[in-house]
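Look at the fold below before reading on. The report then works from the whole chain down to single residue pairs.

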Amino acid sequence: MSENDSQRPQDAGNAGETQQQPRVQVESTPAGSNIPYVQAYDTQTGKPLGGAQVVNKHTVVKTKTKKLPIFITALAGCACGALLVIALIMSGTLDIGGGKNAVTASASGSSTQKITIDSEDTTLAEAVSAKALPSVVSITATSSGSQNGSLSQSADESDSSGSVGSGVVLDTEGHILTNNHVVDGYDQYVVTMDDGTTYEAEFVGNDASSDLAVIKLKDADASKLTPIEIGDSSKLNVGEWVMAIGSPFGNEQSVSTGIVSALYRSTAMSSTSGNTIYANMIQTDAAINPGNSGGALVNDNGELVGINSLIESYSGSSSGVGFAIPVNYAKNIADQIIDGKTPVHPYMGATLSSVNALNARTNKLSTDSGAYVASVVEDGPAAKAGIQEGDVITKLGDDEITSADGLIIALRSHEVGEKVEITLVRGKEEKKVTVELGSDEELQNQQQDDSATDTGNGGITDEQLRQYLEELLGQQGQGQGQGQGYGQGF
């Protein structure tokens, strides 16, 4: 009998059943108890004991069996059963380990080895790792030119010699999706695959404001590439199991597991390449560290649901608060880049600054929070909707707007051409207007060709805005970059 047998529930009514008549012992009931009479019988002859009724006697029945014959019978049965199972396995009739929790590993020759893990969590992590790891790569970016600034809040590892991050394989043509801050400022890229194979890669395109970029492997063998399976980030739920895959601290092909801690986390940051808007981020407690940037966040089916991008930490290492760009948004940007298009974002055509208690009192505003409209672009979406200089935007749809970056983040969750309702305060009057969002493509082209030094912060200096963002994001000076400009791109 195996050890596991002790864990199986038994039918107590049939345990130890035998053809032999059990022996019966009769014990007396204490005197004075109110128990009906019983009749005791001899176990051998079946005749009543003493030939008379026994009054106020309680019968306690104890069973005893002759153990040796039953033990021999049970042992023989187990032996026969074991021989039968072995015969079925050897003949291939019985497939052990081929169920839902089985993990198949390649073996020598044409055979396969199937291993069943008892622990469901371990089995899930192993199965997801086996599926997703071949689609996640390590990226080393180097350049003899200028380097990026501090990336202390980003989940990549960067120093004067280069940057180490991660990426995911999108297709058999060798396109790799990663974070822009992994490759920005560098012009040489080496990509290491799951099996250790290395490739040189070339830059395809980027969207700095979304912190996304695409590079492409040179001379890659399509048959050896495993594109990652794309999931649906809009179907994620808080508490759902996820795995983060990447190269933390340069340790390639590392995995960590956790859950979706929260959804729709948003923030705005600045860098040397411009303003970066992280909208509707996925928060997870799966360990994300420097080097994980651009890596995969996958669900329990091994499907890509996010691109790991940020960590919130005072130490620079994982504190269990990491953020990933939702794949629905990231894949849309990547497709535009691969198609040779300039990724576009919703455009309102206004210069904005944040309202706070101090400038509200100084400018005699009737509200102490919101996005102040410093100017509007002629014939832009905001101007066409009737928004004027001096208005304070307090709502976008049902979303409360308390600052300029809050409005920008809210806009980024909408599509070009979509009509949105904006609530604003003009003087002491509240108004509602409908804005049809435009595209910022023309503006992006202008910004690439224009080296103007105007930050467009609507009267707020870079240092003031930096301090404001630090207070808003709770980073206490840990943010990256030195300024956040909200010009006419929004």
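**Basis**

This is a predicted model, where local features need pLDDT of at least 70, side-chain atom pairs count only at pLDDT 80 or more, and totals for chains, interfaces and linings use all residues. Residues are numbered from 1 along each chain as its sequence is written, and side-chain values use heavy atoms, with hydrogens and water left out.

**The chain as a whole**

The chain has 490 residues, and 40% of them are buried (under 20% relative accessible area; exposed is over 50%, partly exposed in between; 1.4 Å probe, protein chains only). Its secondary structure comes to 9 helices and 23 strands. These are DSSP runs numbered from the N terminus: H or I of at least four residues for helices, E of at least two for strands.

Contacts are heavy atoms within 4.5 Å. Of the contacts with a separation of 6 or more, 63% join residues 24 or more positions apart. The accessible surface is about 26,200 Å², and carbon and sulfur atoms hold 48% of that. The areas come from the Shrake-Rupley method with a 1.4 Å probe; for residues, only the protein chains shown count as cover.

Strand 6 spans residues 175-178. His175 and Leu177 point one way, Ile176 and Thr178 the other. All four are buried. In a regular strand the side chains alternate between the two faces of the sheet.

Pairing here requires at least two DSSP bridges between two strands. Strand 5 (residues 162-169) runs antiparallel to strand 6, joined by 2 bridges. Val169 stands opposite Ile176.

**Helix 4**

Helix 4 covers residues 327-338, 12 residues in total. Its first and last C-alpha atoms are 16 Å apart, close to the 16 Å expected at 1.5 Å a residue. The expected span is 1.5 Å times one less than the number of residues.

Which residues of helix 4 are buried? They are Val327, Ala330, Ile333, Ala334, Gln336 and Ile337. An α-helix has 3.6 residues a turn, so residues three or four places apart point the same way. The buried residues of helix 4 pack against strand 6, strand 8, strand 9, strand 14 (304-311) and strand 15 (322-326). Just after the helix, Gly340 takes a positive phi of about 80 degrees.

**Salt bridges**

A salt bridge puts a side-chain nitrogen of Lys or Arg within 4 Å of a carboxyl oxygen of Asp or Glu.

| Pair | N to O distance |
|---|---|
| Lys218 and Glu200 | 3.9 Å |
| Arg426 and Asp391 | 2.8 Å |
| Lys395 and Glu400 | 3.9 Å |

Take Lys218 and Glu200, which form a salt bridge. Lys218 sits in the loop between strand 9 (212-217) and strand 10 (241-246), and Glu200 in strand 8 (residues 198-207), so the pair ties together parts 18 residues apart in sequence. Lys218 is partly exposed at 36% relative accessible area.

Arg426 and Asp391 link distant parts of the chain, 35 residues apart. Arg426 belongs to strand 21 (residues 419-426), while Asp391 is in the loop between helix 6 (381-385) and strand 19 (392-396). Asp391 is buried at 1%, whereas Arg426 is partly exposed at 23%.

In the remaining tabulated pair, Lys395 is partly exposed at 28% and Glu400 is exposed at 58%.
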